[in-house]
Amino acid sequence: MATNAVFTKGEGNKGTLAFEVSVEAAQKGIDEAFNEAKKNIAVPGFRKGKMPKQVFMQMYGEEALYNDALNHVLPEVYAEAVAEAGITAVGQPQIGVVSMNKGETWKLTAEVELAPEIKLGDYKGLKVPAADVAVSDAEVDEEIERLRQGQAELVLAEDTAASNGDTVVIDFVGSVDGVEFDGGKGDNFSLELGSGQFIPGFEEQLVGHKADEEVEVNVTFPADYQAEDLAGKDAKFVTTIHEVKVKEVPALDDEFAKDVDEEVSSLDELKAKVKDRLTETKVNEAQDKKEEAAISAAVANAEVEGGDLPAAMIDEDVHRQMNQFFASMQNQGVSPEMYFQITGSSEADLHKQYEDGAADRVKTNLVLEAIVKAENIVASEADVAAEVADLAAQYSMDEDAVRAALTEDMLAHDIQIKQAVDLIVNSAVEEA
């Protein structure tokens with residue numbers, strides 16, 4: 001729908017957008033506003049919610065619905081006006097009414113703030129540090145040993161003193177000043193010595209002791225311990241060792257290799273496969289670092305005209321990051337209230353956490369969008385179709401469902417940004 005939008009530049013990044021709501025759009029809003037309003041109006045002779053529109057108009061007049069009608073149509077019309085004017089508005093506009101006369105086009109204004117212009121610096125052929133992707137024999141051996149430790153079995157050790165790395169099965173009763181405290185008691189608890197599961201000093205005092213021994217463990221709770229009534233206090237744990245278990249790791253041979261990976265038949269094949277996997281990981285990490293370094297350099301070389309980023313853009317970014325975080329938590333069955341309770345934090349704490357990198361994220365997006373414009377990067381229909389197919393496969397969705405969830409403009413924008421990133425990264429020069 002045409003809105004006859006006209007933008008008048010003001011001071012700095014601010015200005016006034018004048019636009020119109022067509023008679024048809026206004027009428028649609030009025031109808032929606034009436035359907036909402038009649039649910040709450042009781043009129044003699046009519047059941048609640050069944051009041052005819054004609055009766056409402058006679059009693060209250062059409063104008064009584066205008067404010068609600070405007071709220072219904074404004075988001076769509078305002079977005080259309082912004083697009084029509086060719087501006088990038090940020091934050092919430094201040095809407096003003098010029099005229100809202102019955103049967104006529106409604107005329108409105110919006111005081112808006114624009115995203116700042118970006119003056120691009122160098123973004124092609126940027127020099128970035130070269131990464132070493134070679135995998136040493138020592139790294140392969142370290143990974144093999146990690147796999148070997150993962151195949152270890154705990155074996156009961158008779159009449160053997162416990163050492164770091166061994167697992168002891170214990171009962172313990174904790175007390176402070178001779179009084180037992182909540183959470184200080186356990187039976188048949190398996191504890192790997194040296195794992196750091198218990199408070200500092202506890203596990204070390206069990207080293208050198210055997211099964212069937214009773215050990216008096218004396219420790220001091222850390223000053224920042226989560227249970228405030230125990231923080232900083234001296235405690236005694238009367239601990240009975242029932243069993244000492246030692247790790248038995250398999251021999252480093254072909255049988256071990258086949259147990260770890262059924263696709264190999266020898267230790268040498270396993271080492272070769274591990275080396276390939278480690279190399280692939282290093283190559284991927286190097287590519288990520290190259291991308292990060294190149295984009296950071298391109299962003300550092302660019303300038304924000306006017307100097308400062310609008311506070312509205314920073315705030316929008318923070319809330320977008322928070323909403324994405326909460327959506328991720330919700331997928332794991334954790335509500336915002338539950339998250340704050342578990343972590344002992346608040347919404348303000350999370351807001352502050354995301355504030356730290358917000359300016360960099362906002363500037364990065366502006367720079368990439370400026371490169372899209374400077375390079376005249378356009379997402380073709382084939383590009384959009386490929387992106388839809390990728391997203392559908394990634395999220396196990398039907399392609400039509402992807403298109404329904406994401407508009408063509410959103411898909412095209414994401415593709416253009418990716419192509420701008422590829423332009424920066426692929427032209428970057430790695431230097432030792």
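**View 1. Lys127 is exposed, at 62% relative accessibility, and pairs with Glu431 in a salt bridge.** This is a predicted model in which local features need pLDDT of at least 70 and side-chain atom pairs count only at pLDDT 80 or more, while totals for chains, interfaces and linings use all residues. Residues are numbered from 1 along each chain as its sequence is written, and side-chain values use heavy atoms, with hydrogens and water left out. Glu431, at 39% relative accessible area, is partly exposed (buried is under 20%, exposed over 50% and partly exposed in between, with a 1.4 Å probe and protein chains only). The closest N and O atoms of Glu431 and Lys127 are 3.7 Å apart; a salt bridge here puts a side-chain nitrogen of Lys or Arg within 4 Å of a carboxyl oxygen of Asp or Glu. Glu431 sits in strand β13 (residues 429–431) and Lys127 in strand β6 (residues 127–129), so to find both you will have to look 304 residues apart, in distant parts of the chain.

**View 2. Asp261 and Lys273 form a salt bridge.** Their closest N and O atoms are 2.8 Å apart. Asp261 is buried, with a relative accessible area of 14%, whereas Lys273 is partly exposed at 29%. Asp261 belongs to the loop between α5 (254–260) and α6 (267–301) and Lys273 to helix α6, so this pair ties together parts 12 residues apart in sequence. Helices (H or I, at least four residues) and strands (E, at least two) are DSSP runs numbered from the N terminus.

**View 3. Lys352 and Asp356 form a salt bridge.** Here the closest N and O atoms are 3.3 Å apart. Asp356 is exposed at 59% relative accessible area, and Lys352 is partly exposed at 47%. A search of the whole structure turns up 17 salt bridges.

**View 4. Helix α9 (residues 347–355) has Leu350, His351 and Tyr354 buried.** Down the axis of α9, the buried residues fall within an arc of 105 degrees, so they line one face of the helix (the arc is taken from the directions from the helix axis to the C-beta atoms). The buried residues of α9 pack against α7 (311–331), α8 (336–343) and α10 (358–374).

**View 5. The largest nonpolar core holds 30 residues.** Such a core joins buried Ala, Val, Leu, Ile, Met, Phe, Trp, Tyr and Cys residues through side-chain atoms within 4.5 Å. Leu17, Phe19, Val21, Leu65, Leu70, Tyr78 and Trp106 touch the most other members. Two or more residues each come from β2 (14–21), α1 (23–37), α3 (66–85) and β4 (106–114). With nine residues, α3 gives the most. A second, separate core has 28 residues, including Val90, Leu126, Ile295 and Leu368.

**View 6. The chain divides into domain 1 (6–114), domain 2 (153–248) and domain 3 (268–430).** These bounds come from an automatic or database domain assignment. The centres of domain 1 and domain 3, taken over C-alpha atoms, are separated by 35 Å. Four residues of domain 1 are in contact with four residues of domain 3, contact meaning heavy atoms within 4.5 Å.

**View 7. An unreviewed UniProt entry places the feature "domain: PPIase FKBP-type" at residues 165–250.** In this span the end C-alpha atoms lie 16 Å apart, with 0% helix and 53% strand. UniProt positions follow the numbering used here, feature names are shortened, and annotations may be inferred rather than shown by experiment.
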